[in-house]
Amino acid sequence: MMDNMTHFTTYTLMEPHNAKSYRYIYFTCFLFLYGMILFLNIWLSVVIVLEKALHEPMYIFLCNLCVNDIYGTIAFYPKFLHDLILNSYVIPSYMCAFQAFVVYTYVMCEYSTLAVMAYDRHVAICRPLDYHTKMNKFSCSILLGLCWVIPFLNMFIAVFLSNRLKLCKYHINKLYCDNWSMVKLSCESTVINNIYGYFVISFYFCLSVFIILSYIKLIIACKASLECRRKFWQTCVPHMFTVINYVIAVFFDAMYSRYGSNNVSESLQNFLALEMLIVPPLANPVIYGLKLHEVRKRIFKSFVNIRKQ
């Protein structure tokens with residue numbers, strides 16, 4: 001398990017509550033959840049890719065959201081299902097770093113995509129005449145690239161800073177690895193990690209403020225026009241629901257990871273850790289698929305075509 005007295009090559013993870021008694025029930029439930037997440041997100045992505053009528057910025061960003069949900073959940077569900085089957089909750093240090101990297105690039109990419117979608121709706125509703133100029137193929141490509149490049153750079157630096165630390169503990173009190181849990185295992189000073197962590201949190205907090213201000217401006221702008229109100233209700237309400245849910249999930253996860261108490265029940269700990277890996281990937285395709293008229297119409301069309309075959 002260890003190279004020497006202070007370096008551990010394998011970590012142990014938290015066991016689910018009553019894992020020995022209920023692990024097959026847990027396995028069935030999480031396998032079903034993972035199957036639904038993959039099915040809904042892949043279906044919506046394929047519909048958007050294949051339907052030329054949906055090759056618009058709003059739907060392209062929605063497709064990016066679905067692809068990111070698939071990417072993020074790959075880091076958790078297969079490993080967790082494997083652990084439940086074997087009833088062994090251990091992970092090598094390199095896999096732990098990889099899992100933390102994927103989970104938190106997923107979180108950051110989701111935030112970035114939601115911010116880009118807020119900007120897209122702001123331009124579409126507040127400045128409709130400039131929409132096709134501002135949201136052309138080149139600018140959309142740049143925005144999509146930034147949604148992925150910035151999170152990857154942020155997490156590459158964070159994981160690099162974590163891996164340089166000497167460890168004196170090897171148990172992560174969570175169902176999966178995250179960067180701050182790895183940092184807390186160190187016996188050394190973590191001041192640099194702390195400073196960098198607060199920098200990243202501040203950056204994404206500013207993105208959250210940008211999203212909120214965009215929607216406040218949209219609500220004010222929509223008072224003047226019935227058409228604007230119709231657009232806002234159709235395209236922005238599902239987005240607002242997604243943003244609120246995601247901000248709350250990430251906020252509680254970040255606060256618990258950094259300032260969590262042993263007095264918090266294990267069930268609540270697990271809920272806070274898993275909410276952002278269950279609800280957004282499951283809710284996003286359902287909310288957008290049902291609420292956005294064009295997407296809903298194309299999904300029903302594809303479903304009818306499949307039944308005819």
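Modeller: Y22 counts as partly exposed because its relative accessibility is 39%, and the label covers values between the two limits, buried being under 20% relative accessible area and exposed over 50%, computed with a 1.4 Å probe on protein chains only. This is a predicted model, in which local features need pLDDT of at least 70 and side-chain atom pairs count only at pLDDT 80 or more, while totals for chains, interfaces and linings use all residues. Residues are numbered from 1 along each chain as its sequence is written, and side-chain values use heavy atoms, with hydrogens and water left out.

Colleague: What is Y26 called by its relative accessibility, buried or partly exposed?

Modeller: Y26 has 21% relative accessibility, so Y26 counts as partly exposed.

Colleague: How do you know how far apart Y22 and Y26 are along helix α1?

Modeller: Helix α1 covers residues 19-50, and because Y22 and Y26 are 4 residues apart in it, about one helical turn separates them; helices here are DSSP runs (H or I, at least four residues), numbered from the N terminus.

Colleague: What about F203 and Y204, and why is that aromatic pair called edge-to-face?

Modeller: Rings of Phe, Tyr and Trp (its six-membered ring) pair if their centres lie within 6.5 Å, with planes under 30 degrees apart counting as stacked, over 60 as edge-to-face and the rest as tilted. F203 and Y204 lie 4.9 Å centre to centre with 85° between the planes, so they form an edge-to-face pair. F203 counts as partly exposed at 35% relative accessibility, whereas Y204 is buried, with a relative accessible area of 6%.

Colleague: How many aromatic pairs does the rule give?

Modeller: The count comes to 16 aromatic pairs, and ring pairs also link F30, Y34, F76, Y77, F80 and Y176 into a cluster.

Colleague: What makes helix α4 roughly antiparallel to helix α6?

Modeller: Helix α4 (residues 93-126) and helix α6 (residues 137-163) pack at an angle of about 150°, with their axes 8 Å apart, where axes are lines fitted to C-alpha atoms over the stretch in contact and angles run from 0 to 180 degrees between N-to-C directions. Angles under 35 degrees count as roughly parallel, over 145 as roughly antiparallel, 65 to 115 as roughly perpendicular and the rest as oblique, so α4 is roughly antiparallel to α6.

Technical notes
Helix = DSSP H or I, 4+ residues; strand = E, 2+ residues; numbered from the N terminus.
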